[in-house]
Amino acid sequence: MEFLTKIRPPRYLRYVFYRLYMFGLKTNNRTPELSASITLAFTHFIQLLLIILSVGAILGKDYWGVIFEEVNRFVLAVMLLVFLYVVEIFYQHGNKFKTYISEFESETEAKHKRGTLYLILYLVLSIPISLFIIGYIIISFSPYY
């Protein structure tokens, strides 16, 4: 399992994890690394759902119906847990998150402000806009609506 310690997410995702972790520390969260991991897992799940539904819309397929009519909610819960596990491997296996935290701890005030803007943009573009597009695709292409 040594290869798991060599897996690293891209720098921007490490930075997003760092900022979410620091936010968790500021809010007196007892497990800020878990909170950051859950937020990233949810964000990645929404992004993957957007990609699947977009491909379905382009191909004229109703993947929304397949996902929610033919697959039960238990399978979706398992998929979310798998996403959380993958995020855990990327960030927490062997306490890798500590090296990611130390990578960005010495950022200047200007970089910190710019990083805050990037984090807000990333989360706003990833979650609400993705959910809006997903809703539009569902309403436009699903025969259930």
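Tutor: Helices here are DSSP runs of H or I with at least four residues, strands are runs of E with at least two, and both are numbered from the N terminus.
Student: Okay. How many helices and strands does the protein have?
Tutor: It has eight helices and zero strands. From the N terminus on, the order is α-α-α-α-α-α-α-α. The C-alpha atoms fill a box of roughly 50 × 40 × 25 Å along the principal axes.
Student: Where do these coordinates come from?
Tutor: The model is predicted; local features need pLDDT of at least 70, side-chain atom pairs count only at pLDDT 80 or more, and totals for chains, interfaces and linings use all residues. Numbering runs from 1 along each chain as its sequence is written, and side-chain values use heavy atoms, without hydrogens and water.
Student: Where is Tyr118 found?
Tutor: In helix α7. Tyr118 also belongs to a nonpolar surface patch, with Leu117, Ile120, Leu121, Val124, Leu125, Ile129, Phe132 and Ile133.
Student: What counts as a patch?
Tutor: Residues with over 30% relative accessible area and no salt bridge; nonpolar side chains (Val, Leu, Ile, Met, Phe, Trp, Tyr) are joined within 5 Å, like charges within 9 Å.
Student: Which elements give two or more residues to that patch?
Tutor: α7 (109-126) and α8 (128-141). The largest share, six residues, is from α7.
Student: New topic. How many salt bridges are there?
Tutor: Three in the whole structure, each a Lys or Arg side-chain nitrogen within 4 Å of an Asp or Glu carboxyl oxygen. In one of them, Glu103 meets Arg8 at 4.0 Å, N to O.
Student: Which residues of α5 meet α6?
Tutor: Ile89, Phe90 and Tyr91, which meet Lys96, Phe97 and Tyr100 in α6 (heavy atoms within 4.5 Å).

Technical notes. Accessible areas come from the Shrake-Rupley method with a 1.4 Å probe; for residues, only the protein chains shown count as cover.
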